[in-house]
Amino acid sequence: MTQTISHYINGQIIEDTARTQNVFNPSTGEVSAQVALASQQTVEQAIAAAEAAFPAWRNTPPAKRARIMFRYKELLEQNRDKICRLIGSEHGKIVHDAAGELQRGIENVEFACGAPNALKGEYSKNVGPDIDSWSDFQPLGVVAGITPFNFPAMVPLWMFPLAIVCGNTFVLKPSERDPSTPLFLAQLLKEAGLPDGVLNVVNGDKEAVDTLLTDSRVQAVSFVGSTPIARYIYATATANGKRCQAMGGAKNHAIVMPDADLDNVVNSLLGAAFGSSGERCMALSVAVAVGDEIADKMVAGIKEGMKTMKVGAFSDESNHFGPLITAEHKAKVEGYIESAKNQGATIVVDGRNPEVPQEFAGGFYMGGTLIDHVTPEMTSYQEEIFGPVLQVVRVKTMQEAMQLINNHIYGNGTCIYTRDGEAARYFADNIPVGMVGINIPLPVPVAYHSFGGWKQSAFGDLGTYGPDGVRFYTRRKTVTQRWPTSEVREGAVFSMPTLG
């Protein structure tokens, strides 16, 4: 009998199987499970559990919250192999790539362990005659996270550990494509000592999302996904009086200058463009070569390097990347390749219909694809492909390359390859993109900084995790006090108070 993946509410698995959806193993194309799609009533049950748990959790000292996270970090490390297999079996990510994803998530748990320091307030004595003033950072209440399929461990770990150590309670709505990993993460946190109701997981679709966005008990929503959905999430959440941080799509450009270390460029682009089948919001999907000479050498080097790339099942660690998430997404990526060809681009390497072992013939595989002579008006350039496709745009100057990036609707990540420090500094200072790399292909900030794009790659004033995450999941309260003393006696004062 096919397993049904349900919900985790108030420390218990809750059945709600009136509506279900198939979960696939992308490596084989076979249905591996059914996931229950939560009704509005089930989501409201999770919100109620979080609301009930909030008063006690809010008053739990930050040091005690942090100790739970320390134990949680240990459990994540002890269960690393199981978590990586869960990621691979439902997402298709190769085990070594899944291990990197999990490690990045664990680093956010490590940051959350520093809650007592992160939540320290500010204090000023004698701001006026015998008047003291201080501020502290208080939790919001019930907060929610809506996470994507491409990082079923890392992105949830961007959100709920920090929200929870800040004193909030949490409702997580993970992707219904690969729900097993987030559910297991929640169960491990209970094993670490988290009280029931502080973290709840509901699987579902738009009905579950809309319930979280409109329920007045939910104070804030974090989201990572595509730009059209991010825009909807942000507009709906804020219209209902909630805080919202919504990370959207990307079209990440790498400028390759004539003086770049070509071997480094080729190796970097192979991994950054094709790793995880390109299903990363920080994937480098466009290489902008400054001059035909470096472009020709770069394309030749990448083409040669692609000959050794292996696409296949998640369980074989000799593979470089695995399948796409669904057959529908594979068809969408193939459509972008065909449109680029039809609009005049050159398909240098066509990754459609790669060879895989017979037992995996039903999987959703696509090999790496390299497309040259791409121009800005092409559909495949304008839109996020989210697949193992690297496009090459040729320009004559660095300013022309930067103008391409300036003109694009997305501003998530970018990088430049150069030996010229002046060019690198100018690029970093002037490019309107949230995360910038200098000879670094995937400039994803470490856990004690914050992640966030610009333009239509992000909606909201604060990035996710790190210092921005602490500010997002807390609100500042300022207290000003004076205790009556024999020396201080005032009559009625009708003018504006000052420091005098």
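This report describes salt bridges, pockets, cavities and selected residues in a predicted model.

## A buried asparagine

Asn203 is located in the loop that connects strand 10 (199-201) to helix 8 (206-214). Its relative accessibility is 0%, so Asn203 counts as buried, the limit for that class being under 20%. The side chain of Asn203 reaches the backbone oxygen of Ser6 at 2.6 Å.

Neighbours within four places in sequence set aside, Asn203 is in contact with residues from several stretches of the chain numbering: Ile5, Ser6 and His7; Val35, Ala36, Leu37 and Ala38; and Lys173, Pro174 and Pro179.

## Salt bridges

Side chains of opposite charge can pair when their charged atoms come close. The model has 20 salt bridges. One of them joins Glu77 to Lys73, with 2.7 Å between the closest N and O atoms. Both residues belong to helix 2 (residues 62-78), and because they are 4 residues apart, about one helical turn separates them. Glu77 is partly exposed, its relative accessible area being 31%, whereas Lys73, with a relative accessible area of 18%, is buried.

A salt bridge also forms between Arg280 and Asp97, whose closest N and O atoms are 3.3 Å apart. Arg280 lies in the loop between helix 10 (262-274) and strand 14 (284-290), while Asp97 is in helix 4 (residues 95-112), so this pair ties together parts that are 183 residues apart in sequence. Arg280 and Asp97 are both buried.

The side chains of Glu338 and Arg352 meet in another salt bridge, at 2.8 Å from N to O. This pair links distant parts of the chain, 14 residues apart: Glu338 is in helix 12 (residues 327-342), and Arg352 is in the loop between strand 15 (346-349) and strand 16 (369-372). Glu338 has a relative accessible area of 30% and is partly exposed; Arg352, at 19% relative accessibility, counts as buried. Beyond these pairs, a network of salt bridges links Asp292, Asp296, Asp372 and Arg394.

## The largest pocket

The volume of the largest pocket is about 1,000 Å³. Its lining consists of 38 residues, and those closest to the centre are Phe149, Phe223, Gly225, Ser226 and Ile229. By class, the lining comprises 17 nonpolar, 12 polar and 9 charged residues.

Several elements contribute to this lining. Helix 8, strand 11 (218-224), helix 9 (227-239) and helix 12 each supply at least two residues. Helix 9 provides the largest share, with 5 residues. Helix 12 is also the element that holds Glu338.

## The second largest pocket

The second largest pocket has a volume of about 280 Å³. It is lined by 15 residues, and Phe151, Met154, Arg280, Leu442 and Val444 lie nearest its centre. Two or more residues of this lining come from each of helix 4 and helix 6 (154-165). Helix 4 gives the most, with 4 residues. The lining divides into 10 nonpolar, 1 polar and 4 charged residues.

The largest cavity has a volume of about 90 Å³. Of the 15 residues that line it, Gly278, Arg280, Ala283, Ser285 and Phe386 lie nearest its centre. This lining contains 8 nonpolar, 4 polar and 3 charged residues.

Arg280 connects several of the features described here. Arg280 forms the salt bridge with Asp97, is among the residues nearest the centre of the second largest pocket, and is also among those nearest the centre of the largest cavity.

## Positive phi angles

Asn126 has a phi near 60°, a positive value in a residue other than glycine. Asn126 is placed in strand 6 (residues 122-128). With a relative accessible area of 44%, Asn126 is partly exposed.

Asp130 also has a positive phi, near 55°, and is likewise a residue other than glycine. The position of Asp130 is in the loop between strand 6 and strand 7 (131-139). At 37% relative accessibility, Asp130 counts as partly exposed.

Notes: Residues are numbered from 1 along each chain as its sequence is written. This is a predicted model: local features need pLDDT of at least 70, side-chain atom pairs count only at pLDDT 80 or more; totals for chains, interfaces and linings use all residues. Side-chain values use heavy atoms; hydrogens and water are left out. Buried means under 20% relative accessible area, exposed over 50%, partly exposed in between (1.4 Å probe, protein chains only). A polar contact is a pair of N or O atoms within 3.5 Å; within protein, one must be able to donate a hydrogen and the other to accept it, and residues adjacent in sequence count only if both atoms are side-chain atoms. Contact means heavy atoms within 4.5 Å. A salt bridge is a side-chain nitrogen of Lys or Arg within 4 Å of a carboxyl oxygen of Asp or Glu. On a 1 Å grid over the protein atoms alone, a cavity is a set of points where a 1.4 Å probe fits but cannot get out, and a pocket is an open set with protein on both sides within 12 Å along at least five of seven lines; lining residues have an atom within 4 Å of a point. Grid points are joined across faces, edges and corners, and a volume is the space filled by probe spheres set on the points. Ala, Val, Leu, Ile, Met, Phe, Trp, Tyr, Cys and Pro count as nonpolar, Asp, Glu, Lys and Arg as charged, and the others, Gly among them, as polar.
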